Amino acid sequence: MASLALTSPPAVKIPSYLSSSSSSLFSRSSISFRTTESRSRICVSGYAKCNLPKALNGNARIPIINETTIPKFFDSSRLEKSVSRNNTKLKLFSGTANPALSQEIAWYMGLELGKVSIKRFADGEIYVQLKESVRGCDVFLVQPTCTPTNENLMELLIMVDACRRASAKKVTAVIPYFGYARADRKTQGRESIAAKLVANLITEAGADRVLACDLHSGQSMGYFDIPVDHVYCQPVILDYLASKSISSEDLVVVSPDVGGVARARAFAKKLSDAPLAIVDKRRHGHNVAEVMNLIGDVKGKVAVMVDDMIDTAGTIVKGAALLHEEGAREVYACCTHAVFSPPAIERLSSGLLQEVIVTNTLPVAEKNYFPQLTILSVANLLGETIWRVHDDSSVSSIFL
């Protein structure tokens with residue numbers, strides 16, 4: 001049996017190129033974006049490539065934002081002193097899906113990850129045992145249901161069950177990426193609504209609350225019979241874009257399909273109320289997209305395509321090709337969830353996109369790095385949300 005071993009990654013030094021004097025695509029003087037300075041420092045995991053100012057040899061850039069560019073939800077006095085695990089009833093555990101993100105969240109919160117043994121039997125069955133008491137504790141389990149989706153989902157269910165049987169006071173499933181979210185309705189006869197089924201499984205396993213990032217559709221929250229805190233990762237991406245240097249007059253936000261218009265409109269509003277364009281897409285099958293035409297003007301502008309996830313990248317790449325045909329100067333792609341199913345890497349690295357900006361809600365294997373890729377961490381955002389849920393404080397005020 002193989003067991004999960006979580007070790008603390010080495011400390012990472014903030015490189016000089018990410019100082020406040022550095023320049024990239026959007027400057028704070030040209031785009032009004034709501035941020036405040038903080039004494040706090042963002043902690044990130046020990047990625048080997050984060051000390052490179054530019055992507056080299058096909059490796060992604062993983063920037064570290066310094067204290068002068070921290071958005072207001074990162075401003076927390078909790079970073080200035082460690083929280084003793086002996087004096088709190090909050091416990092944070094990680095599954096095997098994304099332990100690096102879990103460790104970053106723990107660093108932000110000043111906590112250590114809880115000790116848990118997760119093993120696989122020879123026949124594929126999953127075994128979970130908590131190695132410390134959670135009786136009467138507020139437990140948070142961090143586990144995205146990414147590839148392998150079914151295995152990670154089952155692991156989450158067993159972890160929830162283990163906590164419930166160990167007399168935890170409350171169990172919150174922190175799901176940075178909620179698998180099956182796209183199966184949220186029936187588009188044809190005799191189809192299942194898998195999103196509702198998965199919501200029922202998590203509820204019946206014993207979870208008291210769910211904390212999820214950028215669900216594919218807001219209606220998925222209604223599938224749960226327990227409270228759901230929907231965390232929007234836009235502030236992380238917006239703060240990165242705001243550190244670049246281009247006039248807001250040259251910017252246009254693009255929705256890759258009609259279904260993402262509300263998301264793109266909210267994104268554009270935060271970027272000095274930038275104009276909006278929409279790609280009219282006709283889908284002929286799952287993971288197959290065909291771009292038809294463009295609604296809006298992108299000629300001579302920097303186009304920023306916004307979506308919740310990139311799976312096979314067919315939608316994004318065909319949209320980027322259309323934007324270039326319509327005269328866009330540069331095209332950037334922004335998304336929260338980097339699913340990257342084949343042949344996504346080949347499509348994204350074809351040269352149509354100036355930069356592909358994603359977050360670490362899902363782990364991105366180093367073999368999938370390519371020069372245009374930038375990975376931003378949502379650990380501080382999730383850590384602050386967890387604290388507010390534990391403290392019974394407002395979560396929505398983070399995104400105001």
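Is Cys137 buried or exposed? I found Cys137 buried, at a relative accessible area of 4%; buried means under 20% relative accessible area, exposed over 50%, and partly exposed in between, with a 1.4 Å probe and protein chains only.

A note on what I am reading: this is a predicted model, where local features need pLDDT of at least 70, side-chain atom pairs count only at pLDDT 80 or more, and totals for chains, interfaces and linings use all residues. Residues are numbered from 1 along each chain as its sequence is written, and side-chain values use heavy atoms, with hydrogens and water left out.

Next I looked for disulfides, meaning pairs of cysteine sulfur atoms within 2.5 Å, and the count was 0. Cys334 is in no disulfide either, as the nearest cysteine sulfur, in Cys335, is 8.2 Å off. I also noted that Cys334 is buried, with 1% relative accessibility.

Then I turned to the whole chain. I read 8 helices and 15 strands; these are DSSP runs numbered from the N terminus, helices (H or I) of at least four residues and strands (E) of at least two. Of the 400 residues, 55% are buried.

Last, I visited strand E15, residues 373-376. Leu373 and Ile375 point one way, Thr374 and Leu376 the other, and all are buried. Strand E14 (residues 355-359) runs parallel to E15, joined by 4 bridges; strands pair if DSSP finds at least two bridges between them. Thr359 stands opposite Leu376.
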